[in-house]
Amino acid sequence: MTEGTTIAVRRIALGASGLGLLLISGFVALATGPWHPPFPGGWPSRGALGALLDPVAPTALRARGWWPPVVVGCAMTAAAPVLIGARRLWSRRRSASLPLGVPEARLRVRALQEAVAARVSAVDGVAGCRVRASGRRRQVLVRVQVSLHPGTAPADVLPPLAALAAHAERALEPRAVRVRVRLRARRRPAVRQGRA
Amino acid sequence: MNDTVTPPGRLGIADRAVRKVLGRAVGEALPPGGRVTRTSARVQGRRARTAVGVALRVDGAGSATRAVRAVRDHASARTERLTGLRLTRLRVDVTGLRLPGPVPSVPAQAAAPEEGRPAERQRRSAVRKPHRSWSPRRVPASVLAWSVALASGSVAYGAVQSGPRGGPADTWRPALAHAVVRYGPASTGVAAALLTAALGALLIVLAVTPGHRGRWPASTAPELPATVDRNVIASLVREAVAAAPGVTRVRVRVGRRHVTVRAVLLFGDLPAASRMAERAAERALASCCLCRPPKPRVRVRPDVLWTPSHGRADEGRTPRLTESRGGAA
């Protein structure tokens with residue numbers, strides 16, 4: 001799954017559950033008011049809004065043989081995102097190296113991270129950096145978080161970083177390399193600016 | 001050595017010997033600055049499975065891939081020739097990497113592609129101004145996933161435990177079953193409905209808005225997507241405005257469209273100081289290379305000690321101002 005798809009899936013899930021909660025709350029708000037909307041068709045209730053289910057409904061459901069397997073199946077489906085997330089966390093830890101364009105040759109992710117970090121730290125005005133590289137199916141994504149010394153402008157730092165990105169791209173040539181940079185200010189103790 | 005290979009005898013080559021040969025062979029093919037970090041070999045009959053770790057140094061136009069390919073080709077051919085074994089596997093792990101230094105190549109290479117097709121480049125950057133990146137919403141998504149998983153898991157557990165005849169008595173499940181039968185939408189209450197509605201609205205807002213409010217897209221080159229954090233912009237603007245003569249107590253607020261700067265003037269000409277502060281803020285914002293820079297709104301207000309008569313900066317020392325205030329009081 002690409003990054004864009006992950007974001008889309010997460011946001012659709014958030015939006016759908018938000019919409020669901022809004023609909024339920026609207027239904028409840030209407031039910032407490034003067035107009036009583038009926039339960040949706042097929043709901044195991046008599047139609048009175050005073051009770052969510054008929055007293056007989058749970059017993060009747062339990063009496064049917066298919067009830068527990070269906071519940072367990074639905075629960076497993078609902079728990080799927082957590083399982084997928086756990087699996088992804090596991091696999092991300094394991095992928096310590098990425099394939100180069102040569103058979104049986106791999107590049108240690110750590111070597112790439114350290115090479116980029118060494119170059120980034122050598123740029124003037126950079127106080128420190130954190131580099132994360134990950135191999136995706138199509139491209140290698142290198143995320144660089146640069147903390148700048150106070151007074152350093154991004155205009156001074158970005159051109160050397162662009163040159164670095166070009167170098168990294170050329171070094172791993174058949175594989176596409178994408179470098180993403182985030183510039184942050186390094187915190188420093190607050191200076192009190194008072195009247196002289 | 002050859003005379004040991006008589007028809008009835010057998011020549012065995014130890015793993016260690018293959019390892020040494022392989023290490024030398026790899027060293028021969030490595031580009032300058034590279035070194036062998038580890039070698040391993042396992043001989044099985046007439047074949048050997050080998051692996052090697054290398055640290056590479058890539059120069060300006062070099063490619064790690066090309067170097068690795070050269071190492072692999074040379075080392076396998078040479079090791080096979082020297083040992084007489086067939087290498088069924090030669091794994092190459094790049095365990096160290098050094099990229100070329102920034103000094104000599106930066107200006108030439110940065111300028112070269114721009115000269116080639118300036119019009120196209122300009123058009124591309126004009127067409128595709130990067131927007132804010134969309135936040136992956138990691139925390140809300142995982143909270144949602146975990147709560148759904150926990151709820152459904154407990155329901156499944158209940159279904160399995162109770163079975164067709166009802167399970168052992170525990171605390172919450174009978175209570176829940178009782179509540180579901182006793183209470184419904186009409187008896188839930190408006191407060192609960194409002195709370196649920198607020199939660200739903202929050203989730204929808206999280207789903208629809210991009211997030212990453214504190215990060216501004218910036219770029220000097222289209223191939224390097226970068227973001228600048230809000231605090232970088234704020235500190236640059238603050239320092240630039242505070243450097244103007246007579247200006248002190250600068251407060252900066254970076255919003256989505258405007259950067260609001262409030263400063264206090266201790267001495268000097270008010271309109272001139274305002275203009276200077278505004279220009280300084282504009283310069284600081286320009287140095288941030290933002291794709292959609294916010295507009296500066298600079299407000300300089302005079303200090304209580306400030307008097308319009310002290311027009312020039314060299315007269316406006318703090319002691320004199322203090323004196324003039326003392327005289328006025």
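**Entry 1: extent of the A–B contact**

I count a contact where heavy atoms lie within 4.5 Å. The model is predicted. On that basis I looked up who takes part: 84 residues from chain A and 100 residues from chain B. The size of an interface is often given as the accessible area lost when the parts come together, so I looked that up next. About 7,400 Å² is buried between chain A and chain B, and carbon and sulfur atoms give 65% of this area.

**Entry 2: polar and charged pairs**

How many salt bridges are there between chain A and chain B? I found five salt bridges. I noted the pair A:E104 and B:R72, which forms a salt bridge with the closest N and O atoms 2.6 Å apart. For polar contact between chain A and chain B, the count is 26 residue pairs, with both residues at pLDDT 80 or more.

I then asked which element gives the largest share of the side of chain A that touches chain B. Helix α1 of chain A, residues 3-32, does, with 17 residues. By residue type, that side of chain A divides into 55 nonpolar, 12 polar and 17 charged.

**Entry 3: strands across the contact**

I followed strand β3 of chain B, residues 86-98, to its partners. Strand β2 of chain A, residues 105-108, runs parallel to this strand of chain B and is joined to it by three bridges. Among the bridge partners, A:A105 goes with B:V92, and A:L107 goes with B:V94.

One of the bridge partners here is B:L90 in β3(B), which goes with B:T50.

Most residues other than glycine have a negative phi. I wrote down two residues that depart from this.

B:R137 is not a glycine, yet has a positive phi of about 55 degrees. I placed B:R137 in the loop between α4 (118-127) and α5 (138-162) of chain B.

B:C289, also a residue other than glycine, has a positive phi near 55 degrees. B:C289 sits in the loop between α9 (270-286) and β8 (295-302) of chain B.

Are these residues buried or exposed? The cut-off for buried is under 20% relative accessible area. B:R137 has 12%, so it counts as buried. B:C289 has 14%, so B:C289 is buried as well.

Key: Residues are numbered from 1 along each chain as its sequence is written. Chains are lettered from A and ligands numbered from 1 in the order in which they are written. This is a predicted model: local features need pLDDT of at least 70, side-chain atom pairs count only at pLDDT 80 or more; totals for chains, interfaces and linings use all residues. Side-chain values use heavy atoms; hydrogens and water are left out. Buried area is the accessible area (1.4 Å probe) that two parts lose on being put together, summed over both. A salt bridge is a side-chain nitrogen of Lys or Arg within 4 Å of a carboxyl oxygen of Asp or Glu. A polar contact is a pair of N or O atoms within 3.5 Å; within protein, one must be able to donate a hydrogen and the other to accept it, and residues adjacent in sequence count only if both atoms are side-chain atoms. Helices (H or I, at least four residues) and strands (E, at least two) are DSSP runs, numbered from the N terminus. Ala, Val, Leu, Ile, Met, Phe, Trp, Tyr, Cys and Pro count as nonpolar, Asp, Glu, Lys and Arg as charged, and the others, Gly among them, as polar. Two strands pair if DSSP finds at least two bridges between them. Buried means under 20% relative accessible area, exposed over 50%, partly exposed in between (1.4 Å probe, protein chains only).
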